[in-house]
Amino acid sequence: MFLTDPALRHIAAVTNEVLPEHLWRYDTATEDALGDLARILHRTTLGFNNTTAFLDQAVQQLTARPELRLAGYRHALPNMLAAVERHGILADLLIDAYRAWRRHRPIERHGDEHYLLMQYGDPSRGVGVLRAHGPNTWLVLPDAEAALAFEAPYAGRVVGQVAQTEDGWTPIAYTDPAYLTEQPSMIYRLPACDDIASACRSLLRWWQLRHSALWNSRTPDQLTEPELARLAI
């Protein structure tokens with residue numbers, strides 16, 4: 001599952017850029033402006049993640065024993081308020097440092113694999129792994145968080161492809177690329193979407209419907225207008 005790291009999750013929420021790890025670590029040994037920015041970003045990341053862990057632990061402690069909650073407030077609340085204030089400052093510094101580093105460090109977006117938030121600005125909806133599968137075409141593999149959020153049964157597995165066409169981004173649902181030529185009855189062509197993220201969401205919503213009691217062995221062409229509209233949200 002992607003974005004389990006608090007700093008990477010916050011960066012994705014603000015910038016819509018999904019990173020698999022702290023890529024700036026590879027620049028921290030560089031003795032130039034890029035290295036300076038990477039080291040600042042690295043220190044800020046550590047501070048942000050530390051305050052996140054502290055606040056998570058503090059909340060768990062205050063809620064674990066309701067009968068002791070009032071007694072614990074006197075000692076814990078000032079520390080929590082200070083940590084919340086520090087966390088907010090670090091959150092802003094994290095994004096500023098990340099954007100400064102990114103201005104000097106391009107990240108390959110058109111390679112064989114990249115990552116996409118399933119819902120722009122909302123990491124809780126999970127990440128789609130996109131793998132090149134021909135011209136302007138990508139295989140889509142949802143991470144565990146995306147599969148759970150959309151109630152789709154194929155975490156970490158191919159759920160279909162999205163292709164950029166004249167009509168927009170066209171999703172085709174399948175669980176094996178070989179079905180395109182060998183078993184056409186096992187592929188489902190869905191309505192075109194306005195952008196790549198909505199096309200990926202359409203694939204997950206189709207599989208959620210496909211595995212529900214509402215499917216009734218229908219093809220996309222047999223869905224109602226409201227059902228088709230919901231696929232493309």
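Modeller: Rings of Phe, Tyr and Trp (its six-membered ring) pair if their centres lie within 6.5 Å; planes under 30 degrees apart count as stacked, over 60 as edge-to-face and the rest as tilted. This is a predicted model, in which local features need pLDDT of at least 70 and side-chain atom pairs count only at pLDDT 80 or more, while totals for chains, interfaces and linings use all residues. Residues are numbered from 1 along each chain as its sequence is written, and side-chain values use heavy atoms, with hydrogens and water left out.

Biologist: How many aromatic pairs does the structure hold?

Modeller: Ring pairs link Tyr154, Tyr188, Trp206 and Trp207 into a cluster. In the structure as a whole, the number of aromatic pairs is seven.

Biologist: Which kind of aromatic pair do Tyr188 and Trp206 form?

Modeller: The planes of Tyr188 and Trp206 are at 40° to each other, and the centres are 4.9 Å apart. By the angle of its planes, this pair is tilted.

Biologist: Are Tyr188 and Trp207 buried or exposed?

Modeller: Tyr188 and Trp207 form an edge-to-face pair, with 5.9 Å centre to centre and 90° between the planes. On the scale of relative accessible area (under 20% buried, over 50% exposed, partly exposed in between; 1.4 Å probe, protein chains only), both residues are buried.
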